[in-house]
Amino acid sequence: MHIMEGFLPVAHAVGWTAVAAPFVVLGGRTLVRTLREHPEQRLALGAAGAFVFVLSALKLPSVTGSCSHPTGTGLGAMAFGPPAMAVLGTMVLLFQALLLAHGGLTTLGANVFSMAVAGPWVAWAVWRSSRRLGAASAVAVFLGAALGDLATYVVTAGQLALAFPDAQGGIAAAFAKFAGIFAVTQVPLAVAEGLLTVVVVNALTARGVITEVRA
Amino acid sequence: MTNRILLAMAVLVMAAPLLLGIDGEFSGSDGQAQAAIAATGYRPWAQPLWSPPSQEVESLLFAVQAALGGLGLGYVLGRRRR
């Protein structure tokens with residue numbers, strides 16, 4: 001899901017930065033307030049950030065014969081709400097842009113929107129509605145994490161389709177092309193992320209680091 | 001017990017492409033998208049400020065990233081409660 005440095009036209013790079021920025025600013029405020037009112041949540045927040053660090057560093061093979069990486073943002077979105085993840089995700093993306101030449105500063109806005117905004121919100125919405133519909137806690141966590149992971153890559157494919165429409169088929173054909181690269185490869189990784197997220201949520205809950213994730 | 005089964009399932013899902021002997025170059029999807037964009041004739045207008053000088057250094061930094069995350073997660077999960 002990393003769009004590489006310079007690989008979005010200027011207007012798109014600026015546009016996505018403008019779209020993502022308010023989420024990061026509001027997320028930062030929410031985070032500061034949460035930590036002031038509930039300092040004991042520091043540990044849980046650290047765990048959620050650490051989970052993103054680990055998962056987004058792992059490039060895993062997929063059945064399509066390509067490699068891709070999970071995002072890890074669903075866990076924190078369910079434990080803290082999506083706003084906090086805009087901040088944590090941005091920190092990870094900055095680390096990767098500056099030290100790994102993975103992603104970039106000009107494309108940071110677009111990458112933040114897909115991985116730190118869209119993914120977490122989808123994860124949270126799926127998890128919450130699954131709970132409302134009566135799904136068991138673990139099932140809801142699995143679905144939220146897996147679909148949030150997948151959503152990040154679908155959004156990236158959409159961003160690239162908007163920026164690079166196909167000469168004949170337009171945006172739809174370009175979306176099919178980029179989704180073919182990203183989304184199919186991502187399906188097994190999303191399943192793996194869902195399973196790992198359930199394990200970590202179980203472990204954190206058992207140790208009282210997070211209270212039962214509420215819906 | 002449930003956690004162990006779930007972990008084993010996750011490992012199986014991640015290892016399946018290799019165990020099944022699937023053909024492919026296993027290149028990164030990010031790089032493939034980059035190539036697909038370059039194929040449209042687009043030229044990037046910015047370069048990374050700094051790039052790891054080799055594949056080895058890049059994999060080192062990815063390992064550092066994973067290790068930092070693992071350290072953080074391990075600290076929280078393994079901490080002795082007071």
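**Entry 1. The interface**

I began with the two chains and found 60 residues of chain A in contact with 50 residues of chain B. I note at the outset that this is a predicted model. Between them, chain A and chain B bury about 4800 Å², and carbon and sulfur atoms account for 74% of that area. I then looked up the leading contributors on the chain A side: A:Phe7, A:Leu100 and A:Leu195 supply 13% of the area that chain A buries against chain B, more than any other three residues.

**Entry 2. Polar and charged pairs across the interface**

I counted 17 residue pairs in polar contact between chain A and chain B, both residues of each pair being at pLDDT 80 or more. Next I asked which elements of chain A each supply at least two residues of the side that touches chain B. I list helix 1 (10-37), helix 2 (42-57), strand 1, strand 2, helix 4 (82-99), helix 6 (137-163) and helix 7. Helix 7 of chain A gives the largest share of that side, 16 residues. Sorted by class, the side of chain A that touches chain B has 44 nonpolar, 12 polar and 4 charged residues.

I turned to salt bridges and found 1 between chain A and chain B. Over all chains the structure likewise holds 1 salt bridge. Its partners are the side chains of B:Glu58 and A:Lys59, at 3.7 Å from N to O. The pair crosses between chains: B:Glu58 belongs to helix 3 (residues 55-78) of chain B, whereas A:Lys59 sits in the loop between helix 2 and strand 1 of chain A.

I traced an open sheet of 3 strands, in the order 1(A)-2(A)-1(B), with mixed pairing. Which strands stand at the edges? They are strand 1 (60-61) of chain A and strand 1 (27-28) of chain B; each has a single partner strand, so one side of each is left without a neighbour in the sheet.

I checked the two pairings in turn. Strand 1 of chain A and strand 2 (residues 66-68) of chain A run antiparallel and are joined by 2 bridges. In this pairing I located A:Pro61 opposite A:Cys67 of strand 2 of chain A. Helix 7 (residues 170-206) of chain A packs on the sheet and touches strand 1 and strand 2 of chain A. I record an angle of about 55 degrees between the direction of helix 7 and that of strand 2 of chain A.

The other pairing crosses the chains: strand 2 of chain A and strand 1 of chain B pair in the parallel sense, over 2 bridges. Here I found A:Cys67 opposite B:Gly28 in strand 1 of chain B.

**Entry 3. A loop residue**

Finally I looked up A:Ala135, which lies in the loop between helix 5 (108-132) and helix 6 of chain A. Leaving aside residues up to four places away in sequence, I found A:Ala135 touching A:Ser130 and A:Ala140. I also took the separation of A:Ala135 from A:Ser68: 67 residues in sequence, and 29 Å in space from C-alpha to C-alpha.

Key:
Residues numbered from 1 in each chain as written. Chains lettered and ligands numbered in written order. Predicted model: local features only at pLDDT ≥ 70, side-chain atom pairs only at ≥ 80, totals over all residues. Heavy atoms only, no water. Pairing = 2+ DSSP bridges. Helix = DSSP H or I, 4+ residues; strand = E, 2+ residues; numbered from the N terminus. Contact = heavy atoms within 4.5 Å. Axes fitted to C-alpha atoms, helices over the stretch in contact; angles between N-to-C directions. Buried area = accessible area lost by both parts, 1.4 Å probe. Salt bridge = Lys/Arg side-chain N within 4 Å of Asp/Glu carboxyl O. Polar contact = N/O pair within 3.5 Å; in protein donor to acceptor, adjacent residues only side chain to side chain. Nonpolar A, V, L, I, M, F, W, Y, C, P; charged D, E, K, R; others polar.
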